[in-house]
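Visitor: I have a model open and would like to learn how to read it. Where shall we begin?

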Amino acid sequence: MLTPGLPLTHSNKYSADSACGHCDGVIGHEAWCITQNASVQYAYQVVSDPGLLSTGDHLILHALGVAWKPKRRASKARH
């Protein structure tokens, strides 16, 4: 028996397919989402390309004893 006034099917224009690929936000983005936060976007960029690290951040990391360099790729050729 159907209840009067209720829809026959559920309708929701939001779905998992429409979620953000970074924060999984469906209706809105999280505050830390790369698409919304410039600091997070900078962090993603310097992880993928250490050459983009600012001079100030380079000095701070150096003072802490961190060497922020591109990852070496292992040679496929065997000697």
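Guide: Start with one cysteine. This is a predicted model. C23 has a relative accessibility of 8%, so C23 counts as buried.

Visitor: Is C20 buried or exposed?

Guide: C20 is buried, with a relative accessible area of 10%.

Visitor: How many disulfides does the chain have?

Guide: Look at the sulfur atoms. A disulfide needs two cysteine sulfurs within 2.5 Å. By that rule, the count is 0.

Visitor: Now the whole chain. How many helices and strands are there?

Guide: The chain has 2 helices and 0 strands.

Visitor: What share of the residues is buried?

Guide: Of the 79 residues in the chain, 13% are buried. The accessible surface is about 7400 Å², and carbon and sulfur atoms account for 56% of that surface.

Visitor: What about contacts between residues at least 24 apart in sequence?

Guide: Take the contacts between residues at least 6 apart in sequence. Of these, 0% join residues at least 24 apart.

Visitor: Which residues form a nonpolar patch on the surface?

Guide: V47, I60, L64, V66 and W68 form the patch.

Visitor: Where is V66 in the chain?

Guide: V66 sits in the segment after α2, and α2 spans 55–63.

Visitor: Which helix holds D57?

Guide: D57 is in helix α2. Its relative accessible area is 28%, so D57 is partly exposed.

Visitor: How far apart are the C-alpha atoms of D57 and W68?

Guide: They are separated by 9.9 Å, with the two residues 11 apart along the chain.

Conventions
Residues are numbered from 1 along each chain as its sequence is written. This is a predicted model: local features need pLDDT of at least 70, side-chain atom pairs count only at pLDDT 80 or more; totals for chains, interfaces and linings use all residues. Side-chain values use heavy atoms; hydrogens and water are left out. Patches are made of residues with over 30% relative accessible area and no salt bridge: like charges are joined within 9 Å, nonpolar side chains (Val, Leu, Ile, Met, Phe, Trp, Tyr) within 5 Å. Accessible areas come from the Shrake-Rupley method with a 1.4 Å probe; for residues, only the protein chains shown count as cover. A salt bridge is a side-chain nitrogen of Lys or Arg within 4 Å of a carboxyl oxygen of Asp or Glu. Helices (H or I, at least four residues) and strands (E, at least two) are DSSP runs, numbered from the N terminus. Buried means under 20% relative accessible area, exposed over 50%, partly exposed in between (1.4 Å probe, protein chains only). Contact means heavy atoms within 4.5 Å.
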